[in-house]
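Subject: The structure, and some notes on it

Hello,

Here is the structure I wanted to hand over to you.

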Amino acid sequence: DHVGFNEDGEIWNGADDNGSGTVTLLGMARSLSSLPMDQRPKRSIVFVAFSGEEVGLVGSYHFLVQGLVPTEKIAAMVNTDMVGRSSDHSVYAVGTKSAEGLKEMVEQAGEGLAIKVRFDNEEFFDRSDQVGFYYAGIPILFFNTDEHEDYHKPTDTSDLILYDDMAQIGVLTYRMIRSLADLPKRLTFVDAYDRLQPVYGQSAQLMIPFPVNWEDRLDY
């Protein structure tokens, strides 16, 4: 876990936050890299495990500002953070308003799965690594199964992970990144969350400034 251990020396295992999302990322990378060349996606897919999220999204901002992949070349960003503890066999799809047609793509990707895709919880929109990409004008999609009583505690252990549900979320994620990578034309970004444009006659108020040098992110 990003916390490591507390003052009493108890290890914070972090199985759900964010071992679950990291394992899902590795599963996607393994699945796609094993495909024959003629079956691989049309676009390149970059897999990144960011550090420093809890101290101000430092890792994801560093990735953006260093320009390893120019932002204008990024068609979309898909994030998996805490996808292992669904309370009702469901997963939240956050950020689907960030591009025209994105919600419909998620709905289609979820067809036939033994897990329900929900669109009614945008609480974590600004709290994980996808938000910087949104500020850069990139469509984003964030899969999450919500907080629980073991969130940020030593009791966030692997025996509590719901692996069948997590596997279904992995299939959903796989379908989505394949679909996004194979689109003939990238999705059109929409500032539907009113983070970048004036609202009600007032200037846009970013919860986290962008752009900003990654070193300066340490203050947030």
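Before the notes on pairing, one definition: two strands pair if DSSP finds at least two bridges between them. Please also keep in mind that this is a predicted model.

I began with strand E4, which covers residues 140-144. Five of its five residues are buried, so the rest of the structure largely encloses this strand. In a regular strand the side chains alternate between the two faces of the sheet. Here Ile140, Phe142 and Asn144 point one way, while Leu141 and Phe143 point the other way, and all are buried.

Which strands does E4 pair with? Strand E1 (residues 77-80) runs parallel to E4, and four bridges join the two. Within that pairing, Thr80 has Phe143 of E4 as its bridge partner. Strand E2 (residues 90-94) is joined to E4 by three bridges, and these two run antiparallel. On that side, Val94 stands opposite Phe142.

**Two residues of helix H5**

Helix H5 spans residues 163-182, and Tyr163 is found in it. Is Tyr163 buried or partly exposed? Its relative accessibility is 48%, so Tyr163 counts as partly exposed. The C-alpha atoms of Tyr163 and Ser20 are 9.3 Å apart in space, although the two residues are 143 apart in sequence.

Thr173 also lies in H5. With a relative accessibility of 3%, Thr173 counts as buried, because the cut-off for buried is under 20%. Which residues does Thr173 touch, leaving aside its neighbours within four places in sequence? Thr173 is in contact with Thr24, Met28, Val78, Thr80 and Phe143.

**Where H3 meets H5**

Helix H3 (residues 102-109) packs against H5 with the axes 9 Å apart and at an angle of about 135 degrees. The two helices are therefore oblique to each other, and H3 passes H5 in a right-handed crossing. From H3, the contact is made by Leu102, Met105, Val106 and Ala109. From H5, Leu172, Arg175, Met176, Ser179 and Leu180 take part. Taken by type, the residues of this contact divide into seven nonpolar, one polar and one charged.

Best wishes

Technical notes:
Residues are numbered from 1 along each chain as its sequence is written. This is a predicted model: local features need pLDDT of at least 70, side-chain atom pairs count only at pLDDT 80 or more; totals for chains, interfaces and linings use all residues. Side-chain values use heavy atoms; hydrogens and water are left out. Buried means under 20% relative accessible area, exposed over 50%, partly exposed in between (1.4 Å probe, protein chains only). Contact means heavy atoms within 4.5 Å. Axes are lines fitted to C-alpha atoms, for helices over the stretch in contact, and angles run from 0 to 180 degrees between N-to-C directions. Angles under 35 degrees count as roughly parallel, over 145 as roughly antiparallel, 65 to 115 as roughly perpendicular and the rest as oblique. A crossing is left-handed if the near helix is turned anticlockwise from the far one by less than a right angle, and right-handed if clockwise. Ala, Val, Leu, Ile, Met, Phe, Trp, Tyr, Cys and Pro count as nonpolar, Asp, Glu, Lys and Arg as charged, and the others, Gly among them, as polar.
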